[in-house]
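Hi,

Here is the structure I said I would pass on. Have a look at it first, and then read my notes below.

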Amino acid sequence: MSGDSPEGTTISSRRSTVRVVVLGDHATGKSSLITAAASDTFPENVLPVLPVTHLPADYFPDGIPVTIIDTPSSLEDKGKVEEELKLADAIVLTYACDQPETLTRLQNFWLPEIRRLKVKIPVIVVGCKLDLRDEHYPINLELVMGPIMQQFREIETCIECSAANLVQVTEVFYYAQKTVLHPTAPLFDQESQTLQPRCIRALKRIFLLCDHDMDSALNDDELNEFQVRCFNAPLQPSEIVDVKRVVQEKVPEGVNRLGLTLKGFLYLHALFIEKGRLETTWTVLREFGYNDDLELEKENLPVPSEKAPDQSVELTSEAVDFLKGIFRLFDSNKDGALQDSELDEMFSTAPERWGPWNEAPYKDSVERTELGDLTLSGFLSQWDLMTLIDPPQSLAYLIYLGYTGDPATAFCVTRKRSLDFKKQHTQRHVFQCFVFGPKNSGKSALLTSFVGRPFQSKYNLTSDQCYTVNTVDQLGGTKKTLILHEIQEDDVKELLSSKESLAACDVAVFLYDSSDEHSLKRASELLMDVAMKGEDSEYAVPCLLVAAKDDLHPYPTSLKDSEMICLTMKIDAPIRMSVKEKDTNDAFLRIVNAAERCHLSVPETEHGRNKKHYQQLVNRSLVIASVGAAVAVVAFAAYRAYALRKSNSAS
């Protein structure tokens, strides 16, 4: 596996230049170093601080130009230097080889100062004026800099140069550029001298993608195909033999009779990095779509972006079939559920363990078995949720898991909900339900019951919006995915302030505590607010009223009051349910049915009826006006014809 990468193949397409700031004590050779690099001559006289200097793209193998910023050493210019550091990609920190005290100043002042400013960019330590060092007092750079580099891990490399003799001058800025284009930190832990976990995960995914016969080893043909893809140059048979020999000498299990194993593949990349050939590993990673954070470039993923607010994104049958295959592959004990260890192994090619599902909004959002394992239904529901609320992340994780089909075939965009409303039918398989209600009305209990978690008598106020998702069986055996999205009472006003706030909502439910008159009053107010927003924004949604806590004694006029609200607003009668008694009264099926019959159960307000009546009057007036205009045109035409005939007869 060669480390010679073709020009330009290892660079993130977004970077057009590398900005390097040169720091150091007065008279350490900063300006002379910059001038010598730019002109390839030693300047006899230089300005104290140079203007911005540009080294063109053809100076460097990677074809990326470098912009160099010289800085003053005086304290009165400290603010300006700090501003330049915030814009920098890398720092060249200088000392004078003939002035040992300037090297001490690096350790005692400059490096701590860089840390104080929280400038987290690579540092290249450069010893200038190498030609002036007393030849009778040579120093071992590795011995001198070793302890300093241990203390300051931001130092990428150290180099000494002479502007007077033009020794290693251009190399200074080559190394500075290289640390930016091919950074060490994401790939390698200098302290433990091992590959970073994210790097291992990325390389493992690449290895598995290249292992076409899935025998856990790269044979000679697979190695050659990998080499051509990444470096555009095949390996000679003797080179393949040499690669395997190098690996087997250090890591015997890195090669077997079938070829190069994952351990051997990882060892080779660790070896490249240790030898300073980071561009080799970065070439490989970037060829397979990774950015500097070792994540797939989401902006390069073909995720549907041009969609109306009331359209949603769903997985295609191809993506679902792939996920079912992945589930079966990692269900090692074939019990129909994934244990934590099996999920760990599944996501071992993603940037983080567990993928994205260990944090909000995905944590605790799906049903699990009594042992805490994830069923196939819960697994697919989790993907439906992620695809709906974050399509780029969903597609990225599909690819992390090895989806090799055309990424554009993984998703489909649903028809506009406004069009579904007109056609009185929807083709969606995934519905999002906004759950509204006053505090302590039972919203959280509804969500947790949907994923089979037991009722908790103690009320826990949730501060974050949360989701639960599950499949709902319909008559005839079809299944739909329902996502319940809890909307906190305090967040409703802000939510409805946006014109498109209800565009993503397929159905809304309004919970109230049936034993509390105030709870129903507040729920009806929320229903009214949402109904009016739907009428004004043209994103009207079907709504249902849910009488929760039906196990408690309802207040005397509860039934009459709630039915009157539904009758007035022309929506279905309230759904009475008790999570505590495990009596949901088919609430989730009825929510899905309401979402499917999107033209029904849409609430009407007096405001909306007046608006509709006004529109009808306007339309009727326009019709009358258009008919009147047509009559006038016909009459005028008849008069013209009559006048023409009369004129002809007179002549």
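**The annotated stretch**

Helices (H or I, at least four residues) and strands (E, at least two) are DSSP runs, numbered from the N terminus.

Before the rest, some ground rules. This is a predicted model, so local features need pLDDT of at least 70 and side-chain atom pairs count only at pLDDT 80 or more, while totals for chains, interfaces and linings use all residues. Residues are numbered from 1 along each chain as its sequence is written, and side-chain values use heavy atoms, with hydrogens and water left out.

Seven of the seven residues of strand 4 (residues 90-96) are buried, so the strand is largely enclosed by the rest of the structure. Buried here means under 20% relative accessible area, exposed means over 50%, and partly exposed is in between (1.4 Å probe, protein chains only). In a regular strand the side chains alternate between the two faces of the sheet. Here both faces are covered: Ala-90, Val-92, Thr-94 and Ala-96 are buried on one side, and Ile-91, Leu-93 and Tyr-95 on the other.

What sits alongside? Strand 1 (residues 18-24) pairs with strand 4 in the parallel sense over five bridges, and two strands count as paired if DSSP finds at least two bridges between them. Val-20 has Ala-90 of strand 4 as its bridge partner. Strand 5 (residues 123-128) also runs parallel to strand 4, joined to it by six bridges, with Ile-124 of strand 5 opposite Val-92. To get from strand 4 to strand 5 the chain passes through helix 3 (residues 100-116), and this β-α-β crossover is right-handed; that is, with the strands pointing away from the viewer, the path from the first strand over the helix to the second runs clockwise.

**Salt bridges**

I count a salt bridge when a side-chain nitrogen of Lys or Arg is within 4 Å of a carboxyl oxygen of Asp or Glu. By this rule the count comes to 31 salt bridges. Three examples follow.

- Arg-133 and Glu-160 meet at 2.7 Å, N to O. Arg-133 is in the loop between strand 5 and helix 4 (141-151) and Glu-160 is in strand 6 (residues 155-160), so the pair ties together parts that are 27 residues apart in sequence. Both Arg-133 and Glu-160 are buried.
- Arg-229 and Glu-287 have their closest N and O atoms 3.2 Å apart. This pair links helix 7 (residues 220-231), which holds Arg-229, to helix 10 (residues 278-287), which holds Glu-287, across 58 residues. Arg-229 is partly exposed at 46% relative accessible area, and Glu-287 is partly exposed at 34%.
- Glu-525 and Arg-522 meet at 3.2 Å, N to O. Both lie in helix 18 (residues 517-537), three residues apart, about one turn of the helix. Salt bridges that share partners join Lys-439, Glu-489, Asp-490, Lys-521, Arg-522 and Glu-525 into one network.

Nine of the ten residues of helix 14 (residues 391-400) are buried. Its buried residues are covered by, among others, helix 6 (197-210), strand 11 (313-315), helix 11 (317-330), helix 13 (376-389) and strand 14 (411-413). Just after helix 14, Gly-402 has a positive phi of about 110°.

Leu-398, one of the buried residues of helix 14, is also among the residues that touch the most other members of the largest nonpolar core, along with Ile-206, Phe-379 and Trp-383; that core has 77 residues. A nonpolar core is a set of buried Ala, Val, Leu, Ile, Met, Phe, Trp, Tyr and Cys residues joined through side-chain atoms within 4.5 Å. Helix 9 (residues 262-274) gives the most to this core, with eight residues.

Six strands form an open, mixed sheet in the order 16-17-15-18-19-20. Strand 16 (467-473) and strand 20 (575-576) are at the edges with a single partner strand each, so one side of each is left without a neighbour in the sheet. Further in, strand 15 (residues 430-436) and strand 18 (residues 507-513) pair in the parallel sense over four bridges, with Phe-434 partnered by Ala-508 of strand 18.

Cheers

Methods: Contact = heavy atoms within 4.5 Å.
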